[in-house]
Number of protein chains: 2
Amino acid sequence: MKGEGGDMSIVVVGSVAFDTIETPQSRADEVLGGSAAYFAVAASYFAPVKLVAVIGEDFPAHERDFLASRNIDLEGLTVGKGRTFRWTGRYHEDMNMRDTLDLQLNVFADFAPVLPTSYRNAPFVFLANINPSLQDQVLSQFTQPRLIACDTITHWIEGARPALEALLKKVEILIINDEEARLISGERNVVRAARKILSLGPRTLLIKRGEYGVLLFSAQSVFAVPAYPLEEVFDPTGAGDSFAGGFLGYLAESGDLSEAGQRKAIVYGSVVASFVVEDFSLRRLRTLTREDIDRRYRQFVSLTQF
Amino acid sequence: MKGEGGDMSIVVVGSVAFDTIETPQSRADEVLGGSAAYFAVAASYFAPVKLVAVIGEDFPAHERDFLASRNIDLEGLTVGKGRTFRWTGRYHEDMNMRDTLDLQLNVFADFAPVLPTSYRNAPFVFLANINPSLQDQVLSQFTQPRLIACDTITHWIEGARPALEALLKKVEILIINDEEARLISGERNVVRAARKILSLGPRTLLIKRGEYGVLLFSAQSVFAVPAYPLEEVFDPTGAGDSFAGGFLGYLAESGDLSEAGQRKAIVYGSVVASFVVEDFSLRRLRTLTREDIDRRYRQFVSLTQF
């Protein structure tokens, strides 16, 4: 175990899945996905990641090897009796919209995450989208996390509001999209929505707006960054989780949790997400290097500076 | 007449109208509007503006006085026989969408702009949204403009394509919104749309995305700036024309037409537009000062820097 000062590891709790994805141009069958998988691989470019998720007996060794090759600690990746979580979705002509065609929870239905002892004093925690009661239960297993961030989705905002509100009181950074922000706050205007959400607990709110970029809101300030303009968005799946992975990864690597540090981290998150959408699933990250990331970060600077 | 080197005046050709506007929250009847009016007042914070438009016999002296009080040259503002152009529109709950409820061209139906002699050697030209044949005809009356920018709308893209394409070959900067960019190019992706439009003639393309900001495309580079996040958008009417006014106004004032200069000008345009939408019509600009603009420009810097 690393010493208190030097440990910059991130524990992510969420799903690992096989996705079947249809876009207007193409299709991919049973490819690696899930919020925790996207987050873990994205964050692994910056800091050590420990993964808490459940997979089925059908999960192939080569995918486990891929995660391990990214230096992701898999002690918390348990194998349940049955098949891995499956999701099938179809994107509209407008790739900002998608329909879920099929959802098979499989082993994920009984997911009750227990942290391995070696994970409990990790300084950085990301609670990817799962039932907020489970997010809360996992959170209580950490000894003294330095930074806790979480995500949620429409399903839980509508169906598990009390548990979500209880969780938000314990979370520093909430990372959601604009539709979720409207739903939590009941406000259409993004600035008013943000003020309401901050009053529920988080010190920082990040609102992901897809091709329009990301907004940061805190009590002191607002930060806005556009998305990297791409000639083609091949598959938007996992962009939000990859953004979160790049964001928390950079925070862990730099150790700079100030707002200036968070702003840079948002740009790193945006960079990683911009690569992820260039191909199906996590394919682009199988060849992506840290140098590629740093090069596009510099392009982001010239994209936005005036 | 100013000397060749010192003249930084901008001629704008377009409409002056009375608008009746319904928003989900409120309503205004017969308030000053029109593309050239918004542009002229916005640009007047930065440079001398000369207005080419037609009004009816019903145009009140106090509105003419307001324009004159902004140092806008009104020699090109002719009075036609009949009533001033009227537009009535209603915004949806989502203020990015609106319906035209009524349109009365009145004196604008026979608008055939003729430049006063004193306007012909103006260095900066903005052709606001009118029939592209008229835009072209006005353009031919300038002796040697330094910079020509124009706007257009869906109506002309669909109904006057050949005239529009002929015009685009003569224009340096095209300023349109994302829907118009998709329609001109036939491309949904904004980067591919921009490439196609640049191939039609303009050296620079500005794409306005409402609450999501503005994109600049040129052969060399891309620049993206978010919109200023407002707690309330009271009336979006004229935001695009005010953006163009602030943009060209700053270019004329600074004389810096480099891409760095254009980037700053885009931020100034965004600042002016962010004030315009805070009230109906041009009301906010009746009290706005240059100091207010410069203050919000600095807020834009802290909104976007990382």
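A salt bridge is taken here as a side-chain nitrogen of Lys or Arg within 4 Å of a carboxyl oxygen of Asp or Glu. One such bridge joins the two chains, between the side chains of A:E211 and B:R209 (3.4 Å, N to O). The structure is a predicted model, in which local features need pLDDT of at least 70 and side-chain atom pairs count only at pLDDT 80 or more, while totals for chains, interfaces and linings use all residues. Residues are numbered from 1 along each chain as its sequence is written, chains are lettered from A and ligands numbered from 1 in the order in which they are written, and side-chain values use heavy atoms, with hydrogens and water left out.

We can begin with the meeting of the chains. Between chain B and chain A, the count is 2 salt bridges, and there are 14 residue pairs in polar contact, with both residues at pLDDT 80 or more. A polar contact is a pair of N or O atoms within 3.5 Å; within protein, one must be able to donate a hydrogen and the other to accept it, and residues adjacent in sequence count only if both atoms are side-chain atoms. On the side of chain B that touches chain A, α7 (190-198), β14 (222-225), α9 (259-276) and α10 (290-304) each supply at least two residues, and α10(B) gives the most, with 6 residues. Helices (H or I, at least four residues) and strands (E, at least two) are DSSP runs, numbered from the N terminus.

In terms of contact (heavy atoms within 4.5 Å), 30 residues of chain B meet 30 residues of chain A. The two chains bury about 2,700 Å² between them, 58% of it on carbon and sulfur atoms; buried area is the accessible area (1.4 Å probe) that two parts lose on being put together, summed over both.

One residue of chain A gives a local view. A:T304 lies in helix α10 (residues 290-304) of chain A, and beyond its neighbours within four places in sequence it is in contact with A:P226, B:F223, B:A224, B:R263 and B:F306. A:T304 counts as buried because its relative accessibility is 8%, where buried means under 20% relative accessible area, exposed over 50%, and partly exposed in between (1.4 Å probe, protein chains only). A polar atom of the A:T304 side chain lies 2.9 Å from the backbone oxygen of A:F300.

In one of them, A:E63 pairs with A:R286, the closest N and O atoms being 2.9 Å apart. A:E63 lies in helix α2 (residues 61-69) and A:R286 in the loop between α9 (259-276) and α10 of chain A, so the pair ties together parts that are 223 residues apart in sequence. A:E63 is buried at 7% relative accessibility, whereas A:R286 is partly exposed at 37%. Another salt bridge joins the side chains of A:D151 and A:K208 (3.8 Å, N to O), and both of these residues are buried.

Chain A also has an open sheet of 4 strands in the order β3-β2-β7-β8, with mixed pairing; two strands pair if DSSP finds at least two bridges between them. Its edge strands are β3 (27-33) and β8 (98-104), each pairing on one side only. Strands β2 (residues 17-22) and β7 (residues 85-91) of chain A pair in the parallel sense over 6 bridges, and A:I21 stands opposite A:G89 in β7(A).
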